[in-house]
Amino acid sequence: MDSKYKVIAIGIDQSYDNCGISISCDGVLKDVKNVRLSKFKDKTKKRRVLRKKLKQLLYNLYGKSDNIVCVIERIRLRSQGFINIDYIKSIGALNSLIVDVMAEENVPVYSVDTRCWKAQIVGTSKGESNKYGVPNEKWPTVKWCINQGFKRKILKEVQGRKSKGTFENNGKKWFYDNDMADSAAISLFYFIGDKDKLKKEN
């Protein structure tokens, strides 16, 4: 990202465990990253770490474009038919952090519904079985991200005792980081998706 772009879109799949963060420039996916927060115990510390990472990201993007936007996943009010108040409160705090950090650099934040970005960018919001241990509902987006040329970015060697969502290859254990893949699709939604489906967050 050496030249100046018309628009840079930061896509964030936010969570307290692992935040996927991707960069798309003028409709082209450029980078896929993550901030793993699972090793920190309390949510205040997790937010503090994420804030620092986002500030560094914005610093690195300084001068690359006069128009930077951020797209996050919209809060789901219902999960499996139930309203989870604790989840809504905690993810709301995380979203507020993202909005505030971006506002400090005049970067607007928009949210998009999960099913919407999956349908419009990946091509489906339905799950698909796979042999890699990826949750069925996550696999189509992971497969899409691989097809975008980012397999080496989202394929991670397992460190520690993690067994769920993994597969073995050449005597080693691996997993696909589906949060990173989600953020990649979210970042591209700003260019490819229906902008009427974006909601301004403040």
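## Sheets, hairpins and a crossed helix pair

An open sheet of three strands runs in the order 6-8-7, with antiparallel pairing. Strand 6 (155-157) and strand 7 (167-169) stand at the edges with a single partner strand each, so one side of each has no neighbour in the sheet. From one strand to the next, the twist averages 45°. Two strands count as paired if DSSP finds at least two bridges between them. Helices (H or I, at least four residues) and strands (E, at least two) are DSSP runs, numbered from the N terminus.

This is a predicted model, where local features need pLDDT of at least 70 and side-chain atom pairs count only at pLDDT 80 or more, while totals for chains, interfaces and linings use all residues. Residues are numbered from 1 along each chain as its sequence is written, and side-chain values use heavy atoms, with hydrogens and water left out.

**Strand pairs**

Strand 7 and strand 8 (residues 172-176) run antiparallel, joined by three bridges. Phe 167 stands opposite Trp 174 in strand 8. Strand 2 (residues 18-25) pairs with strand 1 and with strand 3. The bridge counts are these.

| Strand pair | Bridges | Direction |
|---|---|---|
| Strand 1 (residues 8-13) and strand 2 | six bridges | antiparallel |
| Strand 2 and strand 3 (residues 28-36) | eight bridges | antiparallel |
| Strand 7 and strand 8 (residues 172-176) | three bridges | antiparallel |

Strand 1 and strand 2 form a hairpin with four residues between them. Asp 13 has Gly 20 as its bridge partner in strand 2. Cys 25 has Val 28 as its bridge partner in strand 3.

**Strand 2 and its cysteines**

In a regular strand the side chains alternate between the two faces of the sheet. Is strand 2 mostly covered or mostly open? Strand 2 is mostly covered: eight of its eight residues are buried. Buried means under 20% relative accessible area, exposed over 50%, and partly exposed in between (1.4 Å probe, protein chains only). One side carries Asn 18, Gly 20, Ser 22 and Ser 24. The other carries Cys 19, Ile 21, Ile 23 and Cys 25.

The structure holds zero disulfides (a disulfide is a pair of cysteine sulfur atoms within 2.5 Å). For Cys 19, the nearest cysteine sulfur is that of Cys 70, 10 Å away. Cys 19 counts as buried because its relative accessibility is 0%. For Cys 25, the nearest cysteine sulfur is also that of Cys 70, 14 Å away. Cys 25 counts as buried because its relative accessibility is 2%.

**Helix 3**

In helix 3 (residues 114-122), the buried residues include Thr 114, Cys 116, Trp 117, Lys 118, Ile 121 and Val 122. Their cover includes strand 4 (68-73), strand 5 (109-112), helix 4 (139-154) and helix 5 (178-192). At the start of helix 3, a side-chain oxygen of Asp 113 reaches to within 3.0 Å of the backbone nitrogen of Arg 115. Gly 123 follows helix 3 and has a positive phi, near 105°.

Helix 3 packs on helix 5 at an angle of about 75°, with their axes 9 Å apart. That makes the two helices roughly perpendicular (65 to 115 degrees; under 35 is roughly parallel, over 145 roughly antiparallel, the rest oblique). Axes are lines fitted to C-alpha atoms, for helices over the stretch in contact, and angles run from 0 to 180 degrees between N-to-C directions. Contact means heavy atoms within 4.5 Å. Helix 3 makes this contact through Cys 116, Trp 117, Gln 120, Ile 121 and Val 122. Helix 5 contributes Asp 182, Ala 185, Ile 186, Leu 188, Phe 189 and Ile 192.

Definitions and conventions:
Polar contact = N/O pair within 3.5 Å; in protein donor to acceptor, adjacent residues only side chain to side chain.
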